[in-house]
Amino acid sequence: VHYFEGLGCSPMKKGENPATWMLNAIAEKIMPAGGDERFALDFSAAWQDSQNNQDLKDRLTEIIESKDEALEIKYGTQFAASRGQRNTLMARRLVTIYWRSPAYNLSRMMLSLLIATLLSTVFIPIRRKEVLEEAEMVSYLSTIFISFIIIGVLSITSVLPVMLSIRDMYYRHKEAGMLDSRSVARALATAEKRFILISSVLFCAVFILVSGIDSSAEPRRRAAQWIGFWGFFTFNAAIYSYIGQLFMCSVRGQGTAQILASIFIGINNFFSGLIVRPQQMTGLWKFTYWINPGHYVYEGLCMVVFSRAKNRFVDVATGSDYYDELCVGAEAEESPCQVTVASYVNAFFGGLYTEEHIPRNIIILGAILFLVRALTFVALRSLTYSSK
């Protein structure tokens, strides 16, 4: 500060940022007494002729000649910190970046609450109803489907611009030899999972409590339903978010990643088991049902809630597609026959959604998550689209 003020720069004001003041100072034109711009002060030449410069040169010469080994900075390995420490520090840094990005994370959590409220309040009039109309039961199944699709779409579309920024930052540090792909891949998973867990808890707490989908369960069974529903819902949000990261690491621009995300969303919508039921998927396109993560999420969500719902019933009318299967032998065929919710859901999905599949679905979804994270690591390590 004293050096620049001694050259004639405007004095620094009280409370002014020194760095900002210095940038403004070197942009000034320091005129000689005559005021001729041709002789304005050359900061570079002034530094070369200054005593400060000479003192600095003398100090550097003294340090070079002395070569005091006690002052030498050296490590036994390439990096000062171990790989584990570097991974941990990078994860903490990325978590901090996420916490300082309310436009991404706070908005995502608020939208989760809003969507849960909108979808669940529709069922307030029937949340304690013991005998449901068939249309009401189908509405429950459809709303569960819509809920995990909407949150998934929100997750994958919101993560793309954030991932683009982090990816390009990583490319710059990669060129400088400061970061490796393992640290960044681990940090991305660590930072993202906290907000996935929080937003899923918020959504499930509101949706299950308000909608009453668990109203027929015993207290112990109700706790298992809550945990199971939250678990599969979290799997869904995590898969969408991490696949968004994978797409952004695999292609050059955000536009291409959005196209890939749209394709994934469309396949998940169509082949998860509601728009086209499991029993209707035959022939060539059947494989899309088995490779689609939405299939395992939707089956898990429905089964943890409805597979043992035997204290709540559905009125099945004579014109129903499931009347012959569920109501053959009913005493009064003109009137709707009552079947348990568990029986109706079993017929609705052609007997292909069962409670026994829940452990299998958990394993498959875990394997999908592992594969997505592994492919993201490979993309970060092998692909570089920008170093700016």
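The structure is a predicted model, in which local features need pLDDT of at least 70, side-chain atom pairs count only at pLDDT 80 or more, and totals for chains, interfaces and linings use all residues. Residues are numbered from 1 along each chain as its sequence is written, and side-chain values use heavy atoms, with hydrogens and water left out.

A nonpolar core is a set of buried Ala, Val, Leu, Ile, Met, Phe, Trp, Tyr and Cys residues joined through side-chain atoms within 4.5 Å. Here, buried means under 20% relative accessible area, exposed means over 50%, and partly exposed lies in between (1.4 Å probe, protein chains only). The largest nonpolar core has 97 residues, and those with the most contacts inside it are Met 137, Leu 141, Phe 203, Phe 229, Tyr 298 and Phe 306. Helix 7 gives the most to this core, with 16 residues. Helices (H or I, at least four residues) and strands (E, at least two) are DSSP runs, numbered from the N terminus.

With neighbours within four places in sequence left aside, Phe 306 is in contact (heavy atoms within 4.5 Å) with Met 137, Tyr 140, Leu 141, Ile 144, Ile 213, Val 341, Ala 342 and Val 345. Ser 147 belongs to helix 7, which spans residues 134-175. The relative accessible area of Ser 147 is 0%, and the residue is therefore buried. Apart from neighbours within four places in sequence, Ser 147 is in contact with Leu 119, Phe 203 and Phe 233.

Ile 30 is found in the loop between helix 2 (18-26) and helix 3 (43-48). Its relative accessible area is 13%, so Ile 30 counts as buried. Although Ile 30 and Leu 7 are 23 residues apart along the chain, their C-alpha atoms are separated by 7.9 Å.

The cysteines come next. A disulfide is a covalent bond between the sulfur atoms of two cysteines. How many disulfides does a search of the whole structure find? The search finds one. It joins Cys 327 to Cys 337, with an S to S distance of 1.7 Å. Cys 327 is in helix 13 (residues 323-327) and Cys 337 is in strand 3 (residues 337-340), 10 residues apart. Cys 327 is buried, at a relative accessible area of 2%, and Cys 337 is buried as well, at 11%.

Cys 204 is buried, with a relative accessible area of 3%, and Cys 302 is buried at 0%.

On a 1 Å grid over the protein atoms alone, a cavity is a set of points where a 1.4 Å probe fits but cannot get out, whereas a pocket is an open set with protein on both sides within 12 Å along at least five of seven lines; lining residues have an atom within 4 Å of a point. Grid points are joined across faces, edges and corners, and a volume is the space filled by probe spheres set on the points.

The largest pocket holds about 230 Å³ of space. Its lining includes Ile 243, Phe 247, Leu 260, Asn 268 and Ile 368. Helix 10 supplies the largest share of this lining, five residues. By class, the lining has nine nonpolar, three polar and no charged residues. Ala, Val, Leu, Ile, Met, Phe, Trp, Tyr, Cys and Pro count as nonpolar, Asp, Glu, Lys and Arg as charged, and the others, Gly among them, as polar.

Of its 10 lining residues, Arg 86, Met 178, Leu 179, Asp 180 and Ser 183 lie nearest its centre. This lining comprises five nonpolar, two polar and three charged residues.

A search of the whole structure also finds two cavities of 30 Å³ or more. The second largest cavity has a volume of about 40 Å³, and helix 7 gives the most to its lining, with three residues.

Note on methods: A disulfide is a pair of cysteine sulfur atoms within 2.5 Å.
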